[in-house]
Amino acid sequence: MSGRVMGDAAADFRKLSGLIRIVGHRGARGVFPENTMLGFDYTLAAGVPLLEFDVVLTGDDIPVITHNPTLHAATFRDETGQFITNEMPIRDLSYADLCRYEVGKIDGQSAYGAAFPDQAQVDGLQVPRLADLCALISRPEHAAARLLLEMKSDPVLAQDTAARAHFVAAVLDVIRSAHVVGQTVLHSFDWAILAECKAQAPEIPRSYLSIASQPQFQLPPDIPAHIKAEGGALWCPHFADITAADVAYAQSLDLGVVVWTVNQTADIDRMIDFGVDAICSDYPARVQRCLSDRGLRWQ
C-alpha cells in the first residue's frame, strides 16, 4: 500500500472561511487541449489541485480520459493530420486503435473550435489512460491533487446493467491499483452509474451532476434532498440553474455545491456571491483572479 494518508476527497471540494475551491474543467480547456496530460500538468502547476475530467471505456476495457463516448471531430486528428469526419464509438476501438489519433489541436473552423480561440495548438498529444493521470497525482509533489472523475454514460449502453457494472468495476480497479481512492470523487450525470458506484465502492464519495436543459436525465423535484438520501457528498448543478437560496438549502443538508462550467467574470463573481463551495471552470486562472481581487483563497 501507498504510505499517503487516505481521507475523504469530497472535503477538499468544500469551502472554508475565506476560501472557495477552484476546479479545472477538463484540465483547463480554455487554454490547453482538453483532457490531456499537458492540460492537467498546467492546472496543477498553476496551483489548482482539483481536476475534473471524463472517463469512457475502450473496446479492450481500458478506462481513458476523453469527453464523448465517440471520437470528436473537432478535436481528433487522424494519421494524416486531418480532423476526422467519422465519429466512431470508442467502445468499438482498442486502446492501440485510439492511440493512432492526436488530440492536441482544435478545429478553428468548427463551432466548437470557435468557442475556444485561446486554446493552445499542440502536436503529438494522445488520449491518456485514467492510469496515466493516477500515476501523475501519485507523485509526492501532487499529494494535494484530487480527482472529480466523471463517468460518462454511453447512450447505447445506458440501460445495460451488466455493461454499467463492468464500466464501474474497470474504473475502480485503476484507482485502487494506483492507491488514489482517497484522492477521488466519482461524478456523473447518470445517477444509475452513481448507484452502481455506491454498490461497488460505498467508501468513495459521489458527486451528482445536474442540468435542467437535458431531459434525458430524469431529475427529482427536490434534487438536494434526493442526493442527501442517496448518501451523496456533492451536488454539481449547471451554474445557470441555481439561485443563492438553492445553494444555501443544499449546504444546510451538508452537501457541497460545485457549479459548472463558469467562464465569464460576471458569472464567476455571481457564484462567489452565492456562496458556492467550488467553481469549475475552463479558465481556472480567471477564477483565481476573481477570488484574489476579493481577498479570497482557493487552497
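**View 1. Side-chain directions along strand β6 (residues 206-210) of the predicted model.** R206, Y208 and S210 point one way from β6, whereas S207 and L209 point the other way, and all are buried, where buried means under 20% relative accessible area, exposed over 50% and partly exposed in between (1.4 Å probe, protein chains only). Because 5 of the 5 residues of β6 are buried, this strand is largely enclosed by the rest of the structure. Helices (H or I, at least four residues) and strands (E, at least two) are DSSP runs, numbered from the N terminus. This is a predicted model in which local features need pLDDT of at least 70 and side-chain atom pairs count only at pLDDT 80 or more, while totals for chains, interfaces and linings use all residues. Residues are numbered from 1 along each chain as its sequence is written, and side-chain values use heavy atoms, with hydrogens and water left out.

**View 2. The parallel partners of β6.** Strand β5 (residues 184-188) is joined to β6 by 3 bridges and runs parallel to it, two strands being paired if DSSP finds at least two bridges between them; L186 stands opposite R206 in β6. From β5 the chain passes through helix α6 (residues 191-200) to β6 in a right-handed β-α-β crossover, meaning that, with the strands pointing away from the viewer, the path from the first strand over the helix to the second runs clockwise. Strand β7 (residues 234-237) and β6 also pair in the parallel sense, over 4 bridges, and here Y208 stands opposite W235 in β7. The β-α-β crossover from β6 to β7 passes through helix α7 (residues 223-229) and is right-handed.

**View 3. The largest nonpolar core and the surroundings of V55.** This core has 30 residues, and those with the most contacts inside it include F53, V55, L130 and I175; a nonpolar core is a set of buried Ala, Val, Leu, Ile, Met, Phe, Trp, Tyr and Cys residues joined through side-chain atoms within 4.5 Å. Among the elements that each supply at least two of its residues are β2 (50-57), β4 (146-151) and α5 (161-177), and α5 gives the most, with 7 residues. Leaving aside its neighbours within four places in sequence, V55 is in contact (heavy atoms within 4.5 Å) with residues including P63, L130, L149, M151 and F167.

View 4. For C236, the nearest cysteine sulfur is that of C280, 7.7 Å away, and C236 is buried, with a relative accessible area of 1%.

Methods: Disulfide = S-S within 2.5 Å.
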